Amino acid sequence: MEPRRKAIAALILALIIAPTLTSAFVSTFVVSASTGTKNVSTSFTKVWGTTFRGPVYDLSVDEKGSKLLVAVVSPPTLKLYDLTDKPRLAWSYDLGKKVYLQSAAISPDGSKVTALVYWQDANKNYRFKVITISLLSSKVLWETKTFGDPGWDVAYSRDGSLVIVSPQSNYVMALRAVDGKVVWRTELPVHSTYGVTVSRDVVYVGAFRRSPYSGVVAALSLRSGKVLWLTGNLDDAVLTVTLSRDASLLFCGLGIDHGNNKYGGKVIALNPRTGKKIWETGEFSDYVWGVEEIPGTDTLIVGVESGVTPLISAKTGDVISKVSINDGWDISCIALLKRRKILALGLENDANQGALFIYEVRTAEEESVTTQHTQQIEATKPSTYGVAWVSPKFSDASKFMYLDFDVSQNNKFLAILSNQSGAFHIVSLSNGKVLQVIKPPLKLSGKHFALISCKVSPDGQVIYVGMSPISSVPTVIFAYDLSKNRMIWHREINSVTSKMALSPNGKYLVMVALKPFGDYHGLVMLNAETGSTILNMTTYMLRHYMKLSDDQVLQLWRKYITIGFSFSKDSTTLYLVMRDLKERCRYRVIGMILNDKPRIVWSSKPITIESLAKHASPDSVEYEYNASLALYEVQASPDGNYVAVSYSIHGRELRVGVALVSIKSGEVVWSELIDGSGFPLHEKPFTPDGRRMIYISDPRGPKASIRILDTRTLRIVGEINLTSDCIKILDVRPEPSGGVIALLSNNWNRYGGWLVKFEAGADGMLSCDSKSIRLLAGSTTATGTQQIMSEGTSNTETLTLTTQRKRPQTPYMTVIGVALLASVLVIALILKLIILKREPKLPVPPPPP
């Protein structure tokens with residue numbers, strides 16, 4: 001009778017505390033680790049928490065890092081939390097009362113979940129099966145037959161096609177994600193299999209064997225299940241395995257049983273290709289139930305069952321600090337949402353209850369206070385950007401959507417092309433007004449040409465314009481002198497071009513040929529003063545210096561040389577992107593000297609998905625390794641420190657990104673993969689001093705924004721959010737005086753665009769409707785939110801400009817209110833006069849006698 005009373009008391013206590021969240025959950029601690037002259041500090045702030053009737057044994061995160069799946073053992077319940085803003089319960093599913101929930105995983109696309117449930121039969125033997133449930137309909141899509149093992153872990157392959165099952169037995173199996181049918185089953189020389197993780201093409205499994213008593217890690221082929229390698233004897237059972245973000249290390253969490261109720265754990269790092277041990281930690285106080293990397297650092301957070309969470313070095317395994325963040329609970333599982341830097345802890349206690357705590361993770365580098373550091377902090381202070389002006393509309397009647405513009409370095413004007421009038425416009429940088437409209441001074445009868453590119457000379461005197469026919473050749477290039485209002489020269493190139501670059505010294509004009517014709521294929525360099533051909537870059541270099549035949553040159557150009565190129569500041573080096581001849585997803589950026597005998601003088605190290613993921617920013621979405629990589633735009637910083645590249649990764653979804661490559665080391669030092677498509681990097685993204693780079697996040701999506709990266713600290717120091725489906729960002733350039741020029745369009749005008757200048761301290765607002773994008777007077781609100789009014793509809797869309805400082809609000813709404821009130825009073829007075837005027841006159845009664 002006594003155990004029953006205790007169970008009832010525990011149940012009542014669980015019911016009382018289960019759904020509550022109190023301020024006692026909120027705590028903050030900071031951990032600092034010295035690395036040379038810097039201190040890398042990591043702070044964990046508890047922002048949310050809840051409790052459950054049963055323990056939490058597994059956590060799973062979707063690929064985008066916005067959904068967290070929680071597996072509650074008993075009563076067996078799947079709970080999905082949306083962490084986009086504040087944590088909220090988005091979905092829940094009860095698996096019944098006769099089973100226990102051991103593990104669960106959410107599919108990479110976030111459309112379904114797979115759960116492993118277990119129970120004991122009448123003979124006290126453990127059984128398990130796997131169930132997959134749709135998140136949209138909450139219906140069971142499929143379930144496997146019953147297996148005669150306890151079951152331990154499930155995990156999805158990165159492409160979502162397979163489900164890997166660890167049954168806590170001597171085998172591992174892969175199921176088809178669409179119907180649950182067994183694809184392969186591999187037996188291992190072990191007693192029990194435990195944690196599973198999946199890379200691009202390899203399955204890693206932690207295990208335990210009794211003879212000899214030791215832990216084991218196995219690597220299997222994802223497609224066939226073939227054993228690739230098996231480690232030697234480790235200290236004890238390997239409970240969890242986690243692959244580093246750059247796939248260079250495999251972190252294994254061990255649980256060590258010393259007997260007599262004495263337990264321990266440690267972390268071991270292995271080479272994922274060979275299984276060779278790289279380092280191992282000392283022993284912790286209890287089992288290790290998870291290891292996660294903290295983005296932006298070389299630090300790992302370890303989930304130890306006793307509630308102590310050590311922070312260790314990812315390079316050496318040395319313990320940085322040990323902090324207890326469990327508030328009296330035991331840690332059963334951990335997960336880190338890398339995109340938003342959120343740490344989730346699954347917990348349990350002695351009363352067999354569970355909890356979920358959410359922590360916000362922040363990292364910072366604290367250097368010694370010096371004059372240089374003070375100047376650096378001052379230089380990286382966030383700027384407040386507002387709308388300074390909006391230009392007239394520039395449209396494209398030919399529906400060949402390509403509006404190009406270039407900003408003069410004398411800070412006076414910019415030039416923009418417009419195919420509607422077959423002309424280019426000179427626009428004032430001070431107010432956005434059109435100063436001059438210049439039509440091409442050429443007679444091009446019988447052909448429809450599209451203006452594709454324009455460049456302004458460094459002195460602001462000459463504009464170079466490229467015109468390409470839509471369906472034929474040749475391409476026409478001409479130079480126009482603004483001071484004399486006349487054409488200096490023009491030139492026909494017997495190929496179709498799409499991009500043109502002017503060297504910083506104004507001497508060279510380089511263009512790319514998309515389709516080889518005649519003698520021209522590859523990159524063509526012209527004398528900017530006369531228009532004469534200086535060099536056919538690609539053909540000359542490959543034919544004469546690499547000893548390739550014409551057919552080999554043509555094949556190499558078509559397959560391996562991309563269209564990205566950029567000049568160095570001194571105009572002596574041209575940076576190009578070249579694809580590796582042996583591997584299609586390996587690229588290099590090369591630097592080539594421009595003279596009579598061009599030669600390669602610099603080359604970056606191979607750029608792969610792994611190297612990009614290794615240096616991913618905290619804002620990056622998860623990289624998909626089993627995908628194809630392509631590099632496009634290349635831009636060199638004016639200070640000569642970096643080369644910026646844009647790339648795309650095409651897997652289950654097409655995603656784009658931006659990366660910085662150090663010219664000194666040749667390695668990728670910063671990268672951001674964006675959840676969207678389009679062109680995030682455009683020409684001349686750097687400020688004149690090279691200290692800041694401007695790029696577009698999610699260019700074609702509903703959350704498009706203009707981001708400003710400090711190239712010294714590699715941190716975002718400014719962002720202009722255009723969170724509206726009404727406006728799209730086509731192009732963006734930094735202005736020499738510190739502003740940002742953006743080419744915007746709206747959804748109703750696909751073939752048109754408006755130039756908008758964002759400037760520090762400006763207080764203008766944008767109005768967007770079906771006809772135009774206009775400037776409204778006034779300032780942003782304290783939160784940086786502006787209203788975009790849509791005329792002709794009842795919908796109101798919001799444009800948010802992210803500002804780091806609050807601005808005083810101008811009382812324009814008060815003025816409008818007073819004006820409306822006055823108008824109402826005037827109208828009422830007029831109506832009253834009209835009514836009085838129309839009333840019939842009553843007879844006047846006679847005076848009394």
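1. A residue is called buried under 20% relative accessible area, exposed over 50%, and partly exposed in between. Because Arg127 has a relative accessibility of 30%, Arg127 counts as partly exposed. The model discussed here is a predicted one.

2. Arg127 has a salt-bridge partner in Asp121, and the closest N and O atoms of the two are 3.3 Å apart. Asp121 is likewise classed as partly exposed, with a relative accessibility of 22%.

3. A second pair consists of Asp298 and Lys315, whose side chains form a salt bridge with an N to O distance of 3.4 Å. As for accessibility, Asp298 is partly exposed at 44%, whereas Lys315 is exposed, its relative accessible area being 59%.

4. A third pair deserves a separate point. Lys757 and Glu735 meet through their side chains in a salt bridge of 3.0 Å, N to O. Distant parts of the chain are linked by this pair: Lys757 is located in strand β56 (residues 752–760), while Glu735 is found in the loop between β54 (727–734) and β55 (740–746), and the two are 22 residues apart. Are Lys757 and Glu735 buried or exposed? Both residues are buried.

5. Salt bridges also occur as a network, which links Asp235, Lys266, Lys277 and Glu280. How many salt bridges does the count come to? The count comes to 20 salt bridges.

6. The remaining points turn to the sheet. An open sheet is formed by 3 strands, arranged in the order β51-β52-β53, with antiparallel pairing. At the edges stand β51 (692–697) and β53 (715–721), each of which pairs on one side only. From one strand to the next, the twist averages 25 degrees.

7. Within this sheet, strand β52 (residues 705–710) and β53 run antiparallel and are joined by 6 bridges. Which residue of β53 does Ile706 stand opposite? The residue facing Ile706 is Ile720 in β53.

How values were computed:
Residues numbered from 1 in each chain as written. Predicted model: local features only at pLDDT ≥ 70, side-chain atom pairs only at ≥ 80, totals over all residues. Heavy atoms only, no water. Pairing = 2+ DSSP bridges. Helix = DSSP H or I, 4+ residues; strand = E, 2+ residues; numbered from the N terminus. Axes fitted to C-alpha atoms, helices over the stretch in contact; angles between N-to-C directions. Salt bridge = Lys/Arg side-chain N within 4 Å of Asp/Glu carboxyl O. Buried < 20%, exposed > 50% of the residue type's maximum accessible area, 1.4 Å probe, protein only.
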